[in-house]
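Please have the sequence and the model open while reading.

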Amino acid sequence: MLTIDAQRFMRRHESLAKWGATGKGGVNRPALSADETGARRELLDWARTRGFAIYVDPIGNLFVRRQGRSANALPIRMGSHLDSQMPGGNYDGVYGVLAAFEVLETLEDNAVAFDAPLELIVWNNEEGCRFSPTTMGSAVHAGSLPLEQALCAVDSEGVTVGRALERSLHLLGSLTPVDLGSPCSGYIEAHIEQGPRLEALGLSVGVVSGIQGIAQFVFEVEGEEAHAGTTPRDKRKDALRGAINLVEDLALAIEHDDDVRFTVGKFEVAPGAINTVPAKVVFTVDLRHPDSEELARLVQVVQVVSSSLRLRCRVHCRQILNSPPIKFDAAVTAVISESCAKAGIDTMTLPSGATHDAKHMAELCPSGMIFIPCRDGISHSDREYASAQDMIQGANILLASIVRLADLTSVGTSDQKHERV
Ligand SMILES: [Zn+2]
């Protein structure tokens, strides 16, 4: 059975880790920063040395292509991202990029030819921490976010995506343009789990069934500013007390099963003086569930609960995001499961708690994901860690799955489909 060059794979991982290294095991490599551009440049240098073709689409997603035998065959794609949180870990994103690049190199080393070209996509701005929203590159590529809107997004210093992209691309050498939404026949992304389930069961690889849905809300609770010392209890319209009650009522009504994720991540109190009854509180709710009907029901529950506030305050609730769950393609998921079975690796099927670029690719073509465990389920942190053994195992499953997809999409007899030239 074909396997990756594990030493080269780990060497490449170590080499990219220097871009934005925090000195504590993680990286600070926001999208289109000098460090992320450095990591992209190093990867493209490796790709050029191997003779792979390189393309860029209008939102700055990079495509590294190993040509196929047929001029008409649609590409099969893999991918992930090289940007990180500020700071983030040294596995989130970069793992999937390097696993995919290693698949291309291994096939090249072994002169395995397919009809279909194989491509690695390095997505632009997956993290969404420098420029909002998250998964910007894949959303624009798949047509769910307008290009112009994305290019106008600004960072905290007023720099637009358009300007930062121009500067970054200038440093990457010559790139051939490719259209948004270019057709392909399949997509697989390898990623760390960013949760604790695989590690708890001692598994090296997980097959991802889909990505849970997200609904996000902004709440404004309005009371009345008053003197903290002179205003009696029955005259107070305390927005903070109202907001606290509301958060507790929401949690009680919503958190009824283990698949629900309910988070209040932002909470702002005004005017914010020690001796003034708060007049206004603005807080956010991030609500997730893998089942679309259940998520829709929970969204209704949020609306009902928010209209029944105690403590004489007014509440305004605005839903700012409705992203339904997706299920990955059954055939792609089966190919990944079969690759694990053939390699004698125990696995499990699990939904992804975090969102990924694969969510947008699933709108364009049959898609799937492979997870590997990360220690204590920790991610978006210097402490993020995946073992070399799991990284290698996951990359080998990606290789086997891509070979299987490429065989399935090749024409001709089964003997001719997958040949060494
Ligand atoms: Zn990621």
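A network of salt bridges links Arg8, Arg12, Arg50, Glu102, Glu105 and Asp109. The model is a predicted one, and a search of the whole of it finds 22 salt bridges. Side chains of opposite charge can pair when their charged atoms come close.

**Salt bridge Lys24–Asp382**
- Lys24 and Asp382 form a salt bridge through their side chains, with an N to O distance of 3.9 Å.
- This pair connects distant parts of the chain, 358 residues apart.
- Lys24 sits in the loop between α1 (6-16) and α2, while Asp382 sits in the loop between β18 (367-372) and α12 (388-409).
- Lys24 has a relative accessible area of 61% and is therefore exposed, since the cut-off for exposed is over 50%.
- Asp382 has a relative accessibility of 17% and so counts as buried, the limit for buried being under 20%.

**Salt bridge Glu222–Arg314**
- The closest N and O atoms of Glu222 and Arg314 are 3.3 Å apart, and the two residues form a salt bridge.
- Glu222 is partly exposed, at a relative accessible area of 30%.
- Arg314 counts as exposed because its relative accessibility is 59%.

**Salt bridge Arg297–Glu294**
- The side chains of Glu294 and Arg297 meet in a salt bridge at 3.0 Å, N to O.
- Both residues lie in helix α9 (residues 292-306), and because they are three residues apart there, about one helical turn separates them.
- Arg297 is partly exposed, with a relative accessible area of 40%.
- Glu294 is buried, with a relative accessible area of 16%.

**Packing of α2 and α3**
- Helix α2 (residues 34-49) packs with helix α3 (residues 94-109) at an angle of about 5°, and their axes are 12 Å apart.
- The two helices α2 and α3 are therefore roughly parallel to each other, as angles under 35 degrees count as roughly parallel.
- On the α2 side, the contact is made by Leu43, Trp46 and Ala47.
- On the α3 side, Val97, Leu98 and Phe101 make the contact.
- The residues of this contact of α2 with α3 comprise six nonpolar, no polar and no charged.

Key. Residues are numbered from 1 along each chain as its sequence is written. This is a predicted model: local features need pLDDT of at least 70, side-chain atom pairs count only at pLDDT 80 or more; totals for chains, interfaces and linings use all residues. Side-chain values use heavy atoms; hydrogens and water are left out. Axes are lines fitted to C-alpha atoms, for helices over the stretch in contact, and angles run from 0 to 180 degrees between N-to-C directions. Helices (H or I, at least four residues) and strands (E, at least two) are DSSP runs, numbered from the N terminus. Angles under 35 degrees count as roughly parallel, over 145 as roughly antiparallel, 65 to 115 as roughly perpendicular and the rest as oblique. Contact means heavy atoms within 4.5 Å. Ala, Val, Leu, Ile, Met, Phe, Trp, Tyr, Cys and Pro count as nonpolar, Asp, Glu, Lys and Arg as charged, and the others, Gly among them, as polar. A salt bridge is a side-chain nitrogen of Lys or Arg within 4 Å of a carboxyl oxygen of Asp or Glu. Buried means under 20% relative accessible area, exposed over 50%, partly exposed in between (1.4 Å probe, protein chains only).
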